[in-house]
There are 2 protein chains.
Amino acid sequence: MMRVRWLCVAVAVAMASTTGAQAEDGYDLWMRYRPLAKEAATALDRDAESVEMRGQSATLRVAADELRRGLAGLTGHAFAMGPSPHPILLATSADGDVGRLGLPLKDLGDEGYIVRQVRLGGRDVTLVTARTDRGVLYGSFALLRHIQTGGRLDRVALASTPRVKLRVLNHWDNLDGVVERGYAGQSLWDWWTLPDFKDPRYTDYARANASIGINGTVLNNVNAKPDSLSASYIAKAAALADVFRPYGIKVYLSARFSAPIELGKLKTADPLDPQVAAWWKAKSDEIYRAIPDFGGFLVKANSEGQPGPRDYHRSHAEGANMLAAAVAPHGGIVMWRAFVYADTDPDDRAKQAYTEFKPLDGKFAANVIVQVKNGAIDFQPREPFHPLFGAMPRTPLMLEFQITKEYLGFATHLAYLGPLFAETLGSETFAGSKRATVAQIVEGGVNRHALTGMAGVANIGRDRDWAGSTFNQANWFAFGRMAWDPTIGAQPVAREWAAMTFGPNPAIVAPVTDMMMGSREAVVDYMTPLGLAHVMATGHHYGPGPWVADLKRPEWNPVYYHRADKAGIGFDRTRTGSNAVAQYAPELARRLADPATTPERDLLWFHHVSWDRPMASGRSVWAEMVHDYDRGVGYVADMRQRWDGLRGQVDAERWTKTATYLGIQEREARWWRDASLAYWMSVNGRSLPAGAAAPAHDLDWYKAQRPAFAPGNPQ
Amino acid sequence: MMRVRWLCVAVAVAMASTTGAQAEDGYDLWMRYRPLAKEAATALDRDAESVEMRGQSATLRVAADELRRGLAGLTGHAFAMGPSPHPILLATSADGDVGRLGLPLKDLGDEGYIVRQVRLGGRDVTLVTARTDRGVLYGSFALLRHIQTGGRLDRVALASTPRVKLRVLNHWDNLDGVVERGYAGQSLWDWWTLPDFKDPRYTDYARANASIGINGTVLNNVNAKPDSLSASYIAKAAALADVFRPYGIKVYLSARFSAPIELGKLKTADPLDPQVAAWWKAKSDEIYRAIPDFGGFLVKANSEGQPGPRDYHRSHAEGANMLAAAVAPHGGIVMWRAFVYADTDPDDRAKQAYTEFKPLDGKFAANVIVQVKNGAIDFQPREPFHPLFGAMPRTPLMLEFQITKEYLGFATHLAYLGPLFAETLGSETFAGSKRATVAQIVEGGVNRHALTGMAGVANIGRDRDWAGSTFNQANWFAFGRMAWDPTIGAQPVAREWAAMTFGPNPAIVAPVTDMMMGSREAVVDYMTPLGLAHVMATGHHYGPGPWVADLKRPEWNPVYYHRADKAGIGFDRTRTGSNAVAQYAPELARRLADPATTPERDLLWFHHVSWDRPMASGRSVWAEMVHDYDRGVGYVADMRQRWDGLRGQVDAERWTKTATYLGIQEREARWWRDASLAYWMSVNGRSLPAGAAAPAHDLDWYKAQRPAFAPGNPQ
């Protein structure tokens, strides 16, 4: 029988590749569940004979279904439900047998889990347990991850509790299907056929998120249409919430602050107007009738043209608290974004959020969390951490990362963002009496806020591979894993992802992890070395545009950010300049005030320095920049070579697409390097260091390159 | 061994359903190739042991690959290439052995094929042959279709030659990915990653088209951007052409007539200006360098705001001929659309194309074909055939159908368009001394034009099921099959499609075919009974809007088309009205001039009649309209029931989506009926016939229904 089974697997695999129906198109993400090597599969067969469930709930059922699906794929044969001598047993601590085991369940909270081999009722059991069904679901995914990455059941002992409470995707999805800054096709939400049609893909989306611990999703763009709060769209959101609920995922909506005017026909959206507050209260009640576990609102107010409380001379706290009062009776929250900069404020854009929000510390209602981008400008390849972290100890702060690569080459450039996330999270703020990293503040800070959160601007669309490329999937994965545990580290996450995505073969996992780990730094090198920022082309932010100087508002122009002239380059944010450094804790501010004690990677972010200033390497700033550009280009060329070495080891479809994208990336890394150097030379009048290749074209040629119809850039 | 093989198939099928990787999401279209019933599979195994190829070419290779893929799927086991005692043999008539068989190959032309069991070199061979590789490709698909629909090899004898030369899809795809009138997601063409990345889906698109005989594709919207003719987009189009070439599919581009100004920086686009002609000549040369078999241009000129020769007081012929001269040296053609109506012309919109084009008969260059919509207005659920058919005997006319359902409920309403296509094609024009149907004119007419063609506005997008629903796939299929043979008939095509899409089980095929055959008439019934037209809501054309009367141009308003008043309803197109009937051949014009001899289905298209006028049924016009609305709603309710009866027989995923869509359709058919009746009653002051249900809401309620963010409606 065993022989027949294996023969059949071989036939099944052969058939699949013959008919093409099981093509590796990336749809399965890291939940790939392909047959393990024979020895591992045999061990798995021995240690797990069935999936057994204690109790009944939608969440337990999806956990059991996922295990059954995963084990069927990993072993190559169908998997039974029900009792057996060696089951995988799903049970909460409410189960009497589990309770008697005396496991350390107390500290698991609502979402933590324990997975352990135990002796139970005379059987050797792989127990997945937790205090809640959701915990069991997370434990089930942890067990699958353990097996997918090469772990065995006979010694399994996993336990984990999330360190951050709200782990939320922000979809910048417009109601017409366009995703702002989306590079993976249309919005996943087919609003037109909702609420009637629940695309099976919505379920797979929920599975993917639950598998990495994401427990919330904001369905619509922060640049919100009022329509998203209309009765018809509430019904659509409710249909999605119904799909997501068993997976522990709450739905949130971005709210347009002026909706009382547009939808409610009021004359004002003034947060202190009782009619406005009543409108939001009634609207919230309406939403909670349709979605009893609705998460709450995300608000972008008085930012880039969006309406907000400042239109009525009210503070952000007054605006947020009014909304918070509307959802509080239902247990809802408000995520209020701190990403603001005024049209008229002549001050350094990097300073404005701090200036506006810092005085509001302690003024927000208990169910408000202020959502702060990782850096003070806008999701650059590298930014120093946002000075608000550590500056608002009495206010819960939610860290916002951009998973989609608006400024990092869209979907076609390979840039693993784990190191970017880790860099921000690990940054020492020097705030308070006890030092704290950004991660510690996000986890609740010295005041141990109950409300903690991390938001990621999703890179997900309707493209078959969800994220526009296989490697972009890693950024979704890393966001989830690092929101669950901000200290986990970028490399272990990359390794996990690679093993789950390509199989646990070290001959693939090792080089893939290596490629990934340096890839974001390569983008920094070929786009924005030494602390440069926002030198991308206008609007779509694709390709170089350091020469752009003609846009209406000063802070829209790359020249505003790099301030290059004949003598030097960089934005002086010390006392002689904008003094943005003073927004950091004193110890850090002191270090950043001096180029000598500023990390070189942030030099031009904080300082305007001479082209000739010597760097630690002994090279001048100018020579170092050239060196960095070349290093970035070289890294991409090297990634191509390494990927070439995996030809035949990775399935053809994913291999080819990645190889093609790496080709685009190498060409465009050169474009970035050459265009940037051509421009810097036109400013500083210098020649290239010996050995550096001249740009392939002259500056005018680069200025004339204007990619048409760039995605993700509605109007 | 046989037992093990079958066991393995069972396991493979079980595995597939367990892992979900082979979910029936509709991606496979009618090329589904699922295992046949055991007896049929055994017979197939006996009669075909391998796929053997004589000669080498990219087209022969894709033909052989398709057979191998198809036979592997249909038999459930891998299929060998190469010689065997009973092969399927692919060979052109150039092969000596085949030549000696004396088959009737002469009349096959470049694309026809013969598939036949023959004795060849001592073997029983299933021969697929033709004069060209493309013919062999079409024969291979015909053989697969034969097997998929329940045919056996031992008596196979197929032969067919297309009756129309150009069988072309028109993609109204914008360069930003939005498909005008597209209801199946974004454009299939990912211009952003082209030409580097050739999505494997492009190949599947080519396979699908080749399988139904489509041999050309216009990549971009007829409302064309000049950019589509820029060097960068030519390279992208060339990459697609490279993918499509082995499948016998030529690429065409929609050309913006003013491109010489926008791209070429000329001061004019006057077709008689030598600089303009030279620009188009150079542009054509540039395109042909990249795409040596480029098909040519499709042009929408002086229509709905598009630029054209009339801007320079030149005729459409002068404009078309100038472009035709540019592509003629390369063997290219120009498809010039006759869909024109002026902003200022107060005449009946239905007359304007005829008025403008009829005088140009005989004035077009030999490589121009004039593309005429099936009706004189715009792709309504029903229109009488366009009066230009038969009126331009000296000009090749290409018939344009809309496969996408702009006016027939988008993707969610089930409406099989085969009967619509067949109705137009079978219409008797009474033109010339010999009577001719529209099909005969399309096939070349009395002058036996060498250039013949049929165009279909594609319903294809990036949605997983390509067309927005399973049943919409049937319209793509039917267009291809009926462009190949306009006389084939809607029902045989429906039956073929159903068998290929759901398997050849008569218990499924028969009810599915039945549902399909009446589905378009149901849409006519619940939207536009008795010859009504263009009563849809504004802009997106979704849902009822017969009351709309406030749009700028008269012919944009539904009231322009139905002209309902207290006394009667309908557009008088006789001598007492616009006299559009005079554009038809005299015999037909005579019949249409009199309501008594006008087909009742077209009554209100041609006549303004009293609400009380008796119909053949004995009912008044008003009662007949109510009856038709109810019949339409009833048909949809009945389709739901019939589909319910197929639960469990059709795979769950496609069954559920279809069932959900039928639910939407039934609700919306009622909406159409009730809203229309509420409006007509407000106009004619009548009550409903006895037994007819009152509308669920009052008229104001219906007027207030405005679907937001309807797809397919850019701007």
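**Note on the predicted two-chain model**

1. In chain B, the loop that joins helix 12 (418-425) to helix 13 (438-442) contains Phe430(B). This is a predicted model, and the backbone at this position deserves a careful look, since the phi angle of Phe430(B) is near 60°, a positive value in a residue that is not glycine. With a relative accessible area of 12%, Phe430(B) falls under the 20% limit and is therefore buried.

2. In chain A, the bond from Leu194(A) to Pro195(A) is cis, with omega near 0°, and Pro195(A) belongs to the loop between strand 7 (166-170) and helix 6 (200-211) of that chain. In chain B, the bond from Leu194(B) to Pro195(B) is likewise cis, with omega near 0°, and Pro195(B) is placed in the loop between strand 7 (166-170) and helix 6 (200-211) of chain B.

3. As for annotation, the unreviewed UniProt entry lists Glu304(A), Asp378(A) and Glu406(A) under "active site". Of these, Asp378(A) is located in the loop between strand 12 (368-373) and strand 13 of chain A, and at 7% relative accessibility Asp378(A) counts as buried. Beyond residues up to four places away in sequence, Asp378(A) touches Phe339(A), Arg349(A), Lys373(A), Glu383(A), Glu406(A) and Tyr407(A), so that one of its contacts, Glu406(A), is itself on the UniProt "active site" list.

4. The UniProt annotation "domain: Alpha glucuronidase N-terminal", again from an unreviewed entry, covers residues 29-143 of chain A. Over that span the model has 38% helix and 24% strand, and the end C-alpha atoms lie 17 Å apart.

5. What surrounds helix 12 (residues 418-425) of chain A? Seven of the eight residues of this helix are buried, so it is largely enclosed by the rest of the structure; the buried ones are Gly418(A), Pro419(A), Leu420(A), Phe421(A), Glu423(A), Thr424(A) and Leu425(A). They pack against strand 13 (397-402), helix 13 (438-442), strand 14 (453-457), helix 14 (470-484), helix 15 (490-502) and helix 16 of chain A.

6. Helix 16 (residues 506-527) of chain A also meets helix 21 (residues 652-684) of chain A, with axes that come within 9 Å and cross at roughly 30°. That angle is under 35 degrees, and the two helices are therefore roughly parallel to each other. On the helix 16 side the contact is formed by Met515(A), Val523(A), Tyr526(A) and Met527(A), and on the helix 21 side by Leu662(A), Gln665(A), Ala669(A), Trp672(A) and Arg673(A). By class, seven of the residues in this contact are nonpolar, one is polar and one is charged.

7. The largest nonpolar core has 195 residues, and those that touch the most other members are Phe244(A), Trp280(A), Trp476(A) and Trp643(A). Leaving aside neighbours within four places in sequence, Phe244(A) is in contact with Trp189(A), Tyr202(A), Tyr205(A), Ala206(A), Thr217(A), Leu219(A), Ile249(A) and Val251(A). Another core, of 194 residues, lies apart from it and includes Leu266(B), Val370(B), Ala376(B) and Phe379(B).

8. Leu219(A), one of the contacts of Phe244(A), is found in the loop between strand 8 (216-218) and helix 7 (231-244) of chain A. Residues up to four places away in sequence apart, Leu219(A) touches His171(A), Asp173(A), Trp189(A), Trp191(A), Ala237(A), Leu240(A), Phe244(A), Val251(A), Tyr252(A) and Leu253(A). Thr424(A), which is among the buried residues of helix 12 of chain A, is 205 residues away from Leu219(A) in sequence and 26 Å away in space, C-alpha to C-alpha.

9. A last point concerns Asp47(B), which is in helix 2 (residues 38-47) of chain B. Asp47(B) has a relative accessible area of 13% and is buried; beyond neighbours within four places in sequence, Asp47(B) is in contact with His86(B), Thr126(B), Leu153(B) and Asp154(B).

Methods:
Residues are numbered from 1 along each chain as its sequence is written. Chains are lettered from A and ligands numbered from 1 in the order in which they are written. This is a predicted model: local features need pLDDT of at least 70, side-chain atom pairs count only at pLDDT 80 or more; totals for chains, interfaces and linings use all residues. Side-chain values use heavy atoms; hydrogens and water are left out. Helices (H or I, at least four residues) and strands (E, at least two) are DSSP runs, numbered from the N terminus. Buried means under 20% relative accessible area, exposed over 50%, partly exposed in between (1.4 Å probe, protein chains only). Contact means heavy atoms within 4.5 Å. Axes are lines fitted to C-alpha atoms, for helices over the stretch in contact, and angles run from 0 to 180 degrees between N-to-C directions. Angles under 35 degrees count as roughly parallel, over 145 as roughly antiparallel, 65 to 115 as roughly perpendicular and the rest as oblique. Ala, Val, Leu, Ile, Met, Phe, Trp, Tyr, Cys and Pro count as nonpolar, Asp, Glu, Lys and Arg as charged, and the others, Gly among them, as polar. UniProt positions are given in the numbering used here, feature names are shortened, and annotations may be inferred rather than shown by experiment. A nonpolar core is a set of buried Ala, Val, Leu, Ile, Met, Phe, Trp, Tyr and Cys residues joined through side-chain atoms within 4.5 Å.
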